[in-house]
Amino acid sequence: MAQRTGPPRRDAMQRLLHRFYEPLQLLWMLNPARGQCCPAPAAGEQSSDFLGRWRRFLDALSWLCDFEHGGKTVSSVAVQALPSGNRFWLCCGHEAALQHLTWMLSLLEDEELSLPSQQVRAISTVAVTTISHSGDKVKRYARELSRYIAKVAVPSDVELSTETREMLRALDQLASLSDAEELCLEAVAFAHFDSLNGVAEASIRLDGPSDWSLVKHFVVRLRSWHQKAAIAVRFAGSFRSLLQDHTISWLPLPPSRDMPPSDAKTNLMSALKRMLKADEKERVSDLCQAMEDLRSFNFDQVFQESYSSGRLSLAVHSEVFLLEHFHEEGLFFVQNDRYIGCSKPSCYCCSLYMRYHPGNFVLRPSHGTAWVTWSPPLLSNCDAQEIRQRNLFVMNRVIEHLRRDVVNEIEHRFARRRRQPDSTSGGYTAPS
Ligand SMILES: [Zn+2]
């Protein structure tokens, strides 16, 4: 393989970005599903410790502000402790979430929520109002549920039991409901949930989620509006003082960016060479050969084409942007718990960023997927020397970790794993 090196990359920021996006692109091509880096919090409210419930409350509020499927409306919430009343910071790209959070928090602050009957009413109000903003998301989950029901209904080599066939009929009925509110409520009341849980558990695969676990996942997703509303309402009922005299601020996300432009150094051998330490450079040919043997496509060609396609729009993820805001402004967290709530488990890059950040933030649950469109959160502020230094400090450590993962993937020739869904799913006890 010819090795092109080209002239040196003189701009320090562009150099840093290339050092980051080259291994990220390779990891994306090799095996982007890195797996969960940190355990997801248990669904429901089994945990009696305050911090566990507080973090689930922040995640639930964030989730209720995320109206669309995919990454467009991902939202993060963290709370600044202030003597005059806590300030809820919402970071996302859509202003409608701010109005919804304002409405939810004022309901949770004003309502008398000490009695179970009052809580049931408030849970229903929050769930139904949020569902009315999230019609497309509900429809998408129902479509996905139907798709996976069809897959598990025709197994090639397994005879289905009578109980499983009955459950499939009930699942079909559920997925066919067209009214979003009714569909979500019926998912909460789904009588075969324990059986579904059992079948999903029995079908666990080595290489990622099974079709049965995805059926369960989408049923759990449809129950999520009531589940998240229950977490928020019950928490507010127990810790009302944390919401008293609160204020809300919106932190909009910065605009998306383009990939750094490819140059003569944008080729597989040159990128691999930069990833290796000075005394390891002779391994580059072996790694190149190993990559050629790994997959049926031409790695070098796909690497260069995707890097320079101009189609990739890079976005800052809300949890790390909010994290940097708290760090930069020196804001105090409620109970000094340095946790950033988010509507989704964090991705691979956000997890690494939090892990190597000097601010000692609490690591979030993570689905571990490496998104090639991830953007470092500080780029728009790097004119200031101190921020540029921090960006360099964190990103250098992220890059080191990323490079180790890429080399590990190549050397061990792991099979490509199925990606986990971005969202968590777990058991849920319906509000009584
Ligand atoms: Zn992320």
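Trainee: What makes β2 and strand β3 a pair, and in which sense do they run?
Mentor: This is a predicted model. Two strands pair if DSSP finds at least two bridges between them. β2 and β3 (residues 247-252) have 6 bridges, so they pair. The sense is parallel.

Trainee: Which residue stands opposite tryptophan 250 in β3?
Mentor: Leucine 90 does. Arginine 87, in turn, faces threonine 247 of β3.

Trainee: How do you know that strand β1 is joined to β2, and which way do they run?
Mentor: Here 5 bridges link β1 (residues 76-80) to β2. The cut-off is at least two, so they count as paired. Their directions are antiparallel. In β2, cysteine 91 is the bridge partner of serine 76.

Trainee: What do β1 and β2 form, and what lies in the turn?
Mentor: They form a hairpin, with 6 residues between the strands. Glycine 85 sits in the turn and has a positive phi of about 135°.

Trainee: What joins β1 to β6?
Mentor: The join is 2 bridges, in the antiparallel sense. At least two are required, so this pairing meets the cut-off. Serine 76 has cysteine 342 as its bridge partner in β6.

Trainee: Why is the pairing in the open sheet called mixed, and what is the strand order?
Mentor: The order is β3-β2-β1-β6, with 4 strands. β2 with β3 is parallel. β1 with β2 is antiparallel. β1 with β6 is antiparallel too.

Trainee: What makes β3 and β6 edge strands?
Mentor: Each pairs on one side only. β6 covers 341-342.

Trainee: Why is strand β2 said to be largely enclosed by the rest of the structure?
Mentor: Of the 6 residues in β2 (residues 87-92), 5 are buried, so the strand is largely enclosed. β1 is mostly covered as well, with 4 of its 5 residues buried.

Trainee: Which helix lies across β2 and β3?
Mentor: Helix α3 (residues 96-110) does. Its direction is at about 150° to β2.

Trainee: Why are α5 and α6 called roughly antiparallel?
Mentor: Helix α5 (residues 135-153) and helix α6 (residues 162-175) pack at about 155°. That is over 145, so the label roughly antiparallel applies. Their axes are 9 Å apart. The crossing is left-handed. On α5 the contact is made by Ala142, Leu145, Ser146, Ile149 and Ala153. On α6 it is made by Leu168, Leu171, Asp172 and Ala175.

Trainee: How do you know that leucine 30 is buried?
Mentor: The cut-off is 20 or more other C-beta atoms within 10 Å. Leucine 30 has 21, so it is buried.

Trainee: Where is leucine 30 found, and what does it touch?
Mentor: Leucine 30 is found in helix α1 (residues 12-30). Leaving out residues up to four places away in sequence, leucine 30 touches Val406, Glu409 and Ile410. The C-alpha atoms of leucine 30 and phenylalanine 333 are 39 Å apart.

Trainee: Which domains is the protein divided into?
Mentor: Domain 1 takes 12-35 + 263-313 + 345-412, and domain 2 takes 56-252. Taken over C-alpha atoms, their centres are 33 Å apart.

Methods:
Residues are numbered from 1 along each chain as its sequence is written. This is a predicted model: local features need pLDDT of at least 70, side-chain atom pairs count only at pLDDT 80 or more; totals for chains, interfaces and linings use all residues. A residue is buried if 20 or more other C-beta atoms lie within 10 Å of its own, exposed if 12 or fewer, and partly exposed in between; C-beta atoms are placed from the backbone. Domain bounds come from an automatic or database domain assignment. Axes are lines fitted to C-alpha atoms, for helices over the stretch in contact, and angles run from 0 to 180 degrees between N-to-C directions. Angles under 35 degrees count as roughly parallel, over 145 as roughly antiparallel, 65 to 115 as roughly perpendicular and the rest as oblique. A crossing is left-handed if the near helix is turned anticlockwise from the far one by less than a right angle, and right-handed if clockwise. Two residues are in contact if their C-beta atoms, placed from the backbone, lie within 7 Å.
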